Amino acid sequence: MKTRILFTIILLAGILMQVPAQSPVVAPAQKKPVILTGGTIHTGTGEVIENGLIAFSGGKISWVGKASESKLNKDGFEVIDITGKQVYPGLIFPNTTIGLSEIGSGVDVANDTRETGDLNPDVRAIAAYNTDSHVIPVIRSNGILLAQIVPQGTLLPGTASVVQLDAWNWKDAAYRLDNGLMMGWPRKSQSMGRRGAMFQMPTSGTGTYEKNVELLEKIFTDAVAYAAIDKPEDFNLRLDAMRGLFDGRKTLFISAPEAKGIMEAVLFAKRYGVKKIVLSGADATAWEIKDFLRDNNVAVLVDNPLSLPKYDYSDTKEPFRLAAMFVREGILTGLTYSSNAYGNLPFAAGETAAYGLTKEEALQTVTLNTAKILGIEDRTGSLEAGKDANIVVSAGDLLDMRTSNVELAFITGRNISLDNKHKQLYRRFKAKYDN
């Protein structure tokens with residue numbers, strides 16, 4: 001048996017040594033100022049600038065406006081003519097396991113998304129983030145430059161962080177560390193899902209509903225008391241990870257399978273003094289309590305607008321319309337995409353533009369709105385002077401899968417590679433059949 005295992009390891013090692021590296025080289029820091037001129041600039045604030053010019057240096061945007069109004073001295077700049085192209089802020093993917101899950105279900109060794117136990121507020125998703133994931137270069141090619149990586153689990157699975165998607169290691173990737181704590185509210189009963197089947201819901205703990213709520217009450221009570229002490233004599237890693245919830249440094253991202261559960265979770269958080277609350281994976285269930293969400297200043301991350309309706313009696317186009325419905329109610333709305341087809345996020349936003357949002361409002365659901373939800377709007381989410389130069393240049397409409405063709409992308413001013421495994425395989429087999 002041992003001989004067979006050793007032979008298998010040697011065989012796999014031999015195969016891997018012959019496989020060419022698929023991960024593109026990480027781009028170096030920006031050294032020379034850059035001007036992009038002639039393109040149509042979608043700033044992410046709702047403004048569109050025809051024949052625009054955007055300049056950036058040291059990783060920061062220094063000027064945005066019409067090319068005809070620019071008085072910049074172009075000496076010393078690298079000037080790139082992008083006439084006829086479309087320019088966008090780098091897209092932001094919230095509430096995802098990119099870099100934590102490589103293949104998906106069925107291959108456990110390719111996934112590092114959760115820890116055992118129900119109460120793990122101190123577990124940091126960033127520590128397991130794999131910058132060499134083959135998925136990352138693929139989604140960058142669709143304009144996604146930032147992501148919020150989140151742990152999976154039950155009641156308190158851990159802490160999320162925002163990363164930029166071109167880095168050597170997780171420390172280089174960190175864009176905003178530990179910006180949010182994830183909480184799954186316990187469910188009382190199963191709910192019927194789409195087409196009469198049981199709808200997939202997050203696990204809600206190992207005990208009964210009452211027992212799980214009791215566990216949450218206990219740890220939040222302890223966390224509030226712990227946070228009131230500047231320098232506790234006995235350091236508690238779990239309680240210290242929750243400290244930021246009560247002074248606004250961290251956001252509580254909640255998920256709940258039913259409308260009543262969402263309301264209970266929000267009221268629970270407010271009772272303990274949580275300052276910022278976001279509903280992750282919002283669907284038609286959340287729409288039932290839209291007034292409650294607006295009145296309690298709860299932002300929403302609408303999940304997968306390209307999906308089927310949650311219930312078999314729902315309007316078939318309800319997922320397409322949901323983002324616009326929340327926006328029109330004055331609720332801060334971003335988009336996420338729970339399917340493994342991560343690169344479809346921009347096209348999901350594009351779908352919302354056909355069902356109630358304008359194109360610029362749809363863009364905001366994956367840029368500025370999401371930046372506000374994640375607490376990084378002071379650095380990114382829009383193309384404005386002083387913000388990080390996270391920029392995407394596309395030959396067509398970035399939100400339209402028929403015309404989207406990303407040709408340039410910059411993260412903090414660094415001109416990143418847009419090569420990926422898909423393109424490498426395309427070139428490989430094209431060469432084979434061209435001969």
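The following questions and answers examine a predicted model of a protein.

Q: How many helices and strands does the protein have, and what percentage of its residues count as buried?
A: The secondary structure of the protein consists of 13 helices and 16 strands. Of its 435 residues, the share that counts as buried is 53%.

Q: Is helix 10 largely enclosed by the rest of the structure or exposed, and why?
A: Helix 10 covers residues 345-353, and its buried residues include Leu345, Phe347 and Thr352. Elements covering these buried residues include strand 6 (91-96), strand 7 (144-149), helix 9 (318-328) and helix 11 (359-364). Because eight of its nine residues are buried, helix 10 is largely enclosed.

Q: Which glycine follows helix 9?
A: Helix 9 has buried residues such as Pro319, Phe320, Leu322 and Phe326. Strand 11 (277-282), helix 8 (290-295) and helix 10 are among the elements that cover them. The residue that follows helix 9 has a positive phi, near 80°, and is glycine 330.

Q: Is threonine 285 buried or exposed?
A: Threonine 285 lies in helix 7 (residues 284-287). Not counting residues up to four places away in sequence, threonine 285 touches Pro257, Glu258, Ala259, Ile262, Lys310 and Tyr311. Its relative accessible area is 2%, which is under the 20% limit, so threonine 285 is buried.

Q: Does aspartate 178 count as buried or exposed, and does threonine 412 count as buried or partly exposed?
A: Aspartate 178 has a positive phi of about 50° although it is not a glycine, and threonine 412 has a positive phi of about 45° although it is not a glycine either. Aspartate 178 lies in strand 9 (residues 174-184), whereas threonine 412 is found in the loop between strand 15 (406-411) and strand 16 (414-415). Because the limit for buried is under 20%, aspartate 178, at 17% relative accessibility, counts as buried. Threonine 412, at 22% relative accessibility, counts as partly exposed.

Q: How many polar residues are in the lining of the second largest pocket?
A: The second largest pocket holds about 500 Å³ of space, and Val135, Val138, Ile139, Gly343 and His422 are the closest to its centre of the 22 residues that line it. Helix 2 (135-140) and helix 13 (421-434) each supply at least two residues of this lining. By class, the lining has eight nonpolar residues and three charged ones, and its number of polar residues is 11.

Notes: Residues are numbered from 1 along each chain as its sequence is written. This is a predicted model: local features need pLDDT of at least 70, side-chain atom pairs count only at pLDDT 80 or more; totals for chains, interfaces and linings use all residues. Side-chain values use heavy atoms; hydrogens and water are left out. On a 1 Å grid over the protein atoms alone, a cavity is a set of points where a 1.4 Å probe fits but cannot get out, and a pocket is an open set with protein on both sides within 12 Å along at least five of seven lines; lining residues have an atom within 4 Å of a point. Grid points are joined across faces, edges and corners, and a volume is the space filled by probe spheres set on the points. Helices (H or I, at least four residues) and strands (E, at least two) are DSSP runs, numbered from the N terminus. Ala, Val, Leu, Ile, Met, Phe, Trp, Tyr, Cys and Pro count as nonpolar, Asp, Glu, Lys and Arg as charged, and the others, Gly among them, as polar. Buried means under 20% relative accessible area, exposed over 50%, partly exposed in between (1.4 Å probe, protein chains only). Contact means heavy atoms within 4.5 Å.
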